[in-house]
Amino acid sequence: MLLLDSGWSYEKVAEALLLDDQTIRNYEKLYKDKGFDGLLSDNYIGCVPKLTCEQEEQLKDHIRKNNYSAAKEIVEYVKQTFNKIYTPEGMVHTLDRLGFTYKKTTIVPGKANPEKQKKNLSKTTNNSKKRKPLEIRYFFYGWSSSTAQFYVCILLDREKGKKEGNTL
């Protein structure tokens with residue numbers, strides 16, 4: 001308001017404040033109608049959450065126990081479980097409000113169990129093909145509580161091509 005009062009044009013004020021000149025006109029009108037109190041008041045009213053408090057707690061427990069790599073997967077879970085429709089973007093905002101963040105896992109080297117290895121080696125008939133499992137490191141991005149860490153260990157059995165994954 002001070003810039004307009006000192007003779008600046010709407011366009012020049014808008015450029016200085018990185019706003020649209022119509023926004024400056026709206027602010028001026030609001031100032032003339034309601035004064036500084038009108039400019040400082042925030043009349044934004046958020047929407048009512050789609051899920052009840054109990055449903056939100058159930059969703060939080062479910063996400064803590066299950067790994068989700070995308071918000072659209074959680075949208076599908078909420079639709080199937082609570083019969084509520086969310087967009088992926090709306091779910092991102094909901095998860096943020098519930099204290100979840102989208103983060104990368106912490107990689108922990110796979111540790112083979114010597115007893116299980118001995119048992120598996122004794123089952124192998126062809127000794128020339130005896131090999132230790134090959135450790136494969138995967139990066140997993142997913143939703144978790146902001147204080148939690150994902151730890152993923154995945155071993156690949158060379159003989160069977162079978163993956164075993166654990167989230168710690």
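Predicted model: local features only at pLDDT ≥ 70, side-chain atom pairs only at ≥ 80, totals over all residues.
Local features need pLDDT of at least 70 and side-chain atom pairs 80 or more, while totals for chains, interfaces and linings use all residues. Residues are numbered from 1 along each chain as its sequence is written, and side-chain values use heavy atoms, without hydrogens and water.

Start with helix α3, residues 21-40. Helices here are DSSP runs of H or I, at least four residues, numbered from the N terminus. Asp21 forms a salt bridge with Arg25, with the closest N and O atoms 2.6 Å apart. A salt bridge is a Lys or Arg side-chain nitrogen within 4 Å of an Asp or Glu carboxyl oxygen. By this rule there are seven. Asp21 and Arg25 sit four residues apart in helix α3, about one turn. Asp21 is partly exposed at 24% relative accessible area. Buried means under 20%, exposed over 50%, partly exposed in between (1.4 Å probe, protein chains only).

Glu28 pairs with Lys32 in another salt bridge, at 3.6 Å between the closest N and O atoms. This pair also lies in helix α3, four residues apart. Glu28 is buried at 16%, whereas Lys32 is exposed at 62%.

Now move along the chain. Glu56 forms a salt bridge with Arg97, the closest N and O atoms being 2.7 Å apart. Glu56 lies in helix α4 (residues 53-65) and Arg97 in helix α6 (residues 88-97), so the pair ties together parts 41 residues apart in sequence. Glu56 is buried at 10% relative accessibility. Arg97 is partly exposed at 47%. Elsewhere, salt bridges with shared partners join Glu11, Asp21 and Arg25 into one network.

Definitions and conventions
Helix = DSSP H or I, 4+ residues; strand = E, 2+ residues; numbered from the N terminus.
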